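Here is a short tour of the structure shown below. Keep the model open as you read, and follow along residue by residue.

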Amino acid sequence: MRNEADSLEVFQETVYKAFKSISTLQDTRYFSTWLTRILINTAIAHLKKNRNVTVMSPEVLEHIGDSYQFQLEDQLDLLQALETLEEKYRTVLLLRYYKDYSVKQISEIVDCPEGTVKTNIHRGLSILRKKLKGAACDDPRNSFL
(Lines give C-alpha, C1' and ligand atoms only; values in the text may rest on other atoms or scores of the structure.)
Protein backbone atom coordinates (compact mmCIF):
# COMPACT_ATOMS: atom_id res chain seq x y z
CA MET A 1 0.00 0.00 0.00
CA ARG A 2 3.11 2.19 0.08
CA ASN A 3 2.36 3.77 3.48
CA GLU A 4 1.31 2.69 6.93
CA ALA A 5 -1.94 4.64 7.09
CA ASP A 6 -3.30 3.05 3.89
CA SER A 7 -2.11 -0.37 5.03
CA LEU A 8 -3.96 -0.02 8.31
CA GLU A 9 -7.08 1.19 6.54
CA VAL A 10 -7.04 -1.79 4.15
CA PHE A 11 -6.36 -4.16 7.05
CA GLN A 12 -9.27 -2.78 9.06
CA GLU A 13 -11.58 -2.95 6.05
CA THR A 14 -10.49 -6.55 5.41
CA VAL A 15 -11.20 -7.58 9.00
CA TYR A 16 -14.59 -5.86 8.86
CA LYS A 17 -15.54 -7.56 5.56
CA ALA A 18 -14.34 -10.94 6.82
CA PHE A 19 -16.26 -10.62 10.09
CA LYS A 20 -19.37 -9.48 8.25
CA SER A 21 -19.30 -12.38 5.78
CA ILE A 22 -17.76 -15.20 7.85
CA SER A 23 -21.01 -17.13 7.50
CA THR A 24 -20.37 -17.48 3.76
CA LEU A 25 -17.17 -19.46 4.37
CA GLN A 26 -18.09 -23.03 3.52
CA ASP A 27 -14.90 -24.88 4.52
CA THR A 28 -12.76 -23.65 7.43
CA ARG A 29 -9.67 -25.30 5.91
CA TYR A 30 -9.65 -22.49 3.35
CA PHE A 31 -9.94 -19.65 5.87
CA SER A 32 -6.44 -18.32 5.11
CA THR A 33 -7.03 -18.40 1.36
CA TRP A 34 -10.46 -16.81 1.78
CA LEU A 35 -9.08 -14.03 3.98
CA THR A 36 -6.14 -13.41 1.64
CA ARG A 37 -8.56 -13.08 -1.26
CA ILE A 38 -10.57 -10.49 0.67
CA LEU A 39 -7.35 -8.62 1.51
CA ILE A 40 -6.16 -8.56 -2.11
CA ASN A 41 -9.52 -7.37 -3.41
CA THR A 42 -9.76 -4.70 -0.73
CA ALA A 43 -6.22 -3.47 -1.46
CA ILE A 44 -6.86 -3.32 -5.21
CA ALA A 45 -10.13 -1.46 -4.67
CA HIS A 46 -8.39 0.98 -2.33
CA LEU A 47 -5.59 1.62 -4.84
CA LYS A 48 -8.05 2.18 -7.67
CA LYS A 49 -10.09 4.53 -5.50
CA ASN A 50 -7.18 6.66 -4.33
CA ARG A 51 -4.69 6.45 -7.22
CA ASN A 52 -2.11 8.42 -5.26
CA VAL A 53 1.62 7.77 -5.27
CA THR A 54 3.66 7.79 -2.08
CA VAL A 55 7.42 7.47 -2.01
CA MET A 56 8.58 4.48 0.03
CA SER A 57 11.18 5.12 2.68
CA PRO A 58 14.45 3.13 2.62
CA GLU A 59 13.47 1.53 5.96
CA VAL A 60 10.36 0.02 4.37
CA LEU A 61 12.35 -1.21 1.38
CA GLU A 62 14.92 -2.82 3.68
CA HIS A 63 12.15 -4.58 5.59
CA ILE A 64 10.65 -6.00 2.38
CA GLY A 65 13.98 -7.29 1.09
CA ASP A 66 15.46 -8.69 4.33
CA SER A 67 14.57 -12.29 3.49
CA TYR A 68 16.50 -12.13 0.22
CA GLN A 69 19.53 -10.22 1.55
CA PHE A 70 19.73 -7.96 -1.49
CA GLN A 71 21.67 -4.75 -1.41
CA LEU A 72 19.41 -1.70 -1.13
CA GLU A 73 20.22 -0.78 -4.72
CA ASP A 74 19.11 -4.21 -5.96
CA GLN A 75 15.96 -3.97 -3.85
CA LEU A 76 15.08 -0.65 -5.41
CA ASP A 77 15.61 -2.03 -8.92
CA LEU A 78 13.48 -5.09 -8.26
CA LEU A 79 10.69 -3.20 -6.47
CA GLN A 80 10.60 -0.54 -9.17
CA ALA A 81 10.42 -3.23 -11.84
CA LEU A 82 7.62 -5.01 -9.94
CA GLU A 83 5.67 -1.76 -9.69
CA THR A 84 5.69 -1.43 -13.48
CA LEU A 85 4.17 -4.88 -14.05
CA GLU A 86 0.49 -5.38 -14.78
CA GLU A 87 -1.49 -6.20 -11.63
CA LYS A 88 -2.07 -9.85 -12.61
CA TYR A 89 1.68 -10.50 -12.95
CA ARG A 90 2.68 -8.54 -9.86
CA THR A 91 0.08 -10.30 -7.69
CA VAL A 92 1.12 -13.84 -8.62
CA LEU A 93 4.83 -13.04 -8.32
CA LEU A 94 4.42 -11.48 -4.88
CA LEU A 95 2.30 -14.38 -3.65
CA ARG A 96 4.71 -16.95 -5.09
CA TYR A 97 8.09 -15.47 -4.17
CA TYR A 98 7.40 -13.16 -1.23
CA LYS A 99 4.67 -15.18 0.50
CA ASP A 100 5.78 -18.66 -0.66
CA TYR A 101 2.31 -19.78 -1.73
CA SER A 102 2.03 -22.79 -4.04
CA VAL A 103 0.59 -22.45 -7.53
CA LYS A 104 -2.55 -24.24 -6.32
CA GLN A 105 -3.01 -21.83 -3.40
CA ILE A 106 -2.46 -18.83 -5.69
CA SER A 107 -5.03 -20.16 -8.15
CA GLU A 108 -7.57 -20.34 -5.33
CA ILE A 109 -6.72 -16.85 -4.09
CA VAL A 110 -6.93 -15.15 -7.50
CA ASP A 111 -9.76 -17.42 -8.65
CA CYS A 112 -8.27 -18.63 -11.92
CA PRO A 113 -6.95 -21.97 -13.23
CA GLU A 114 -3.52 -23.22 -12.17
CA GLY A 115 -2.35 -23.09 -15.79
CA THR A 116 -3.16 -19.40 -15.95
CA VAL A 117 -1.25 -18.79 -12.72
CA LYS A 118 1.79 -20.64 -14.12
CA THR A 119 1.57 -18.63 -17.34
CA ASN A 120 1.32 -15.34 -15.43
CA ILE A 121 4.31 -16.28 -13.26
CA HIS A 122 6.35 -17.21 -16.34
CA ARG A 123 5.38 -14.06 -18.26
CA GLY A 124 5.93 -11.85 -15.22
CA LEU A 125 9.41 -13.31 -14.71
CA SER A 126 10.19 -12.84 -18.42
CA ILE A 127 9.19 -9.19 -18.22
CA LEU A 128 11.29 -8.73 -15.07
CA ARG A 129 14.29 -10.36 -16.76
CA LYS A 130 14.04 -7.88 -19.62
CA LYS A 131 13.68 -4.93 -17.24
CA LEU A 132 16.54 -6.07 -15.02
CA LYS A 133 18.97 -7.16 -17.75
CA GLY A 134 22.01 -6.07 -15.73
CA ALA A 135 23.56 -7.34 -12.55
CA ALA A 136 20.35 -8.35 -10.80
CA CYS A 137 19.80 -11.21 -13.25
CA ASP A 138 23.44 -12.30 -13.19
CA ASP A 139 23.64 -12.42 -9.39
CA PRO A 140 23.17 -16.04 -8.15
CA ARG A 141 21.33 -14.72 -5.06
CA ASN A 142 18.49 -13.77 -7.43
CA SER A 143 18.10 -17.30 -8.78
CA PHE A 144 14.30 -17.05 -8.98
CA LEU A 145 14.73 -14.71 -11.98
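Helices and strands here are DSSP runs, numbered from the N terminus: a helix is H or I over at least four residues, and a strand is E over at least two.

## Ground rules

This is a predicted model, in which local features need pLDDT of at least 70 and side-chain atom pairs count only at pLDDT 80 or more, while totals for chains, interfaces and linings use all residues. Residues are numbered from 1 along each chain as its sequence is written, and side-chain values use heavy atoms, with hydrogens and water left out.

## The overall fold

The protein chain has eight helices and zero strands, giving the pattern α-α-α-α-α-α-α-α along the sequence. Contact means heavy atoms within 4.5 Å. Among contacts between residues at least 6 apart in sequence, 55% join residues at least 24 apart.

Of the 145 residues in the protein chain, 32% count as buried. Buried means under 20% relative accessible area, exposed means over 50%, and partly exposed falls in between (1.4 Å probe, protein chains only). The protein chain exposes about 9700 Å², of which carbon and sulfur atoms supply 54%; accessible areas come from the Shrake-Rupley method with a 1.4 Å probe, and for residues only the protein chains shown count as cover.

## Helix 5 and Thr-91

Helix 5 has twelve residues and reaches 15 Å from its first C-alpha to its last, close to the expected 16 Å. That expected span is 1.5 Å times one less than the number of residues. Its buried residues are Tyr-89, Arg-90, Thr-91, Val-92, Leu-93 and Leu-95.

Thr-91 counts as buried because its relative accessibility is 11%. Its side chain reaches the backbone oxygen of Glu-87 at 2.8 Å. Leaving aside residues up to four places away in sequence, Thr-91 touches Ile-40 and Val-110.

## The nonpolar core

A nonpolar core is a set of buried Ala, Val, Leu, Ile, Met, Phe, Trp, Tyr and Cys residues joined through side-chain atoms within 4.5 Å. The largest one has 19 residues, and Leu-82, Leu-93, Ile-121 and Leu-128 touch the most other members. Helix 4 (72-84), helix 5, helix 6 (103-110) and helix 7 (114-131) each supply at least two residues of this core.

Which value does phi of Asp-100 take? It is near 60 degrees, positive in a residue other than glycine.

Asp-111 is not a glycine either, yet has a positive phi of about 55 degrees. Asp-111 lies in the loop between helix 6 and helix 7 and is exposed at 61% relative accessible area.

## An aromatic pair

The structure holds one aromatic pair. Phe-31 and Trp-34 form this tilted pair, with 5.8 Å centre to centre and 40 degrees between the planes. Rings of Phe, Tyr and Trp (its six-membered ring) pair if their centres lie within 6.5 Å; planes under 30 degrees apart count as stacked, over 60 as edge-to-face and the rest as tilted.

Because Phe-31 and Trp-34 are three residues apart in helix 2 (residues 31-50), about one helical turn separates them. Phe-31 is partly exposed, at 37% relative accessible area, whereas Trp-34 is buried, at 17%.

Technical notes:
A polar contact is a pair of N or O atoms within 3.5 Å; within protein, one must be able to donate a hydrogen and the other to accept it, and residues adjacent in sequence count only if both atoms are side-chain atoms.
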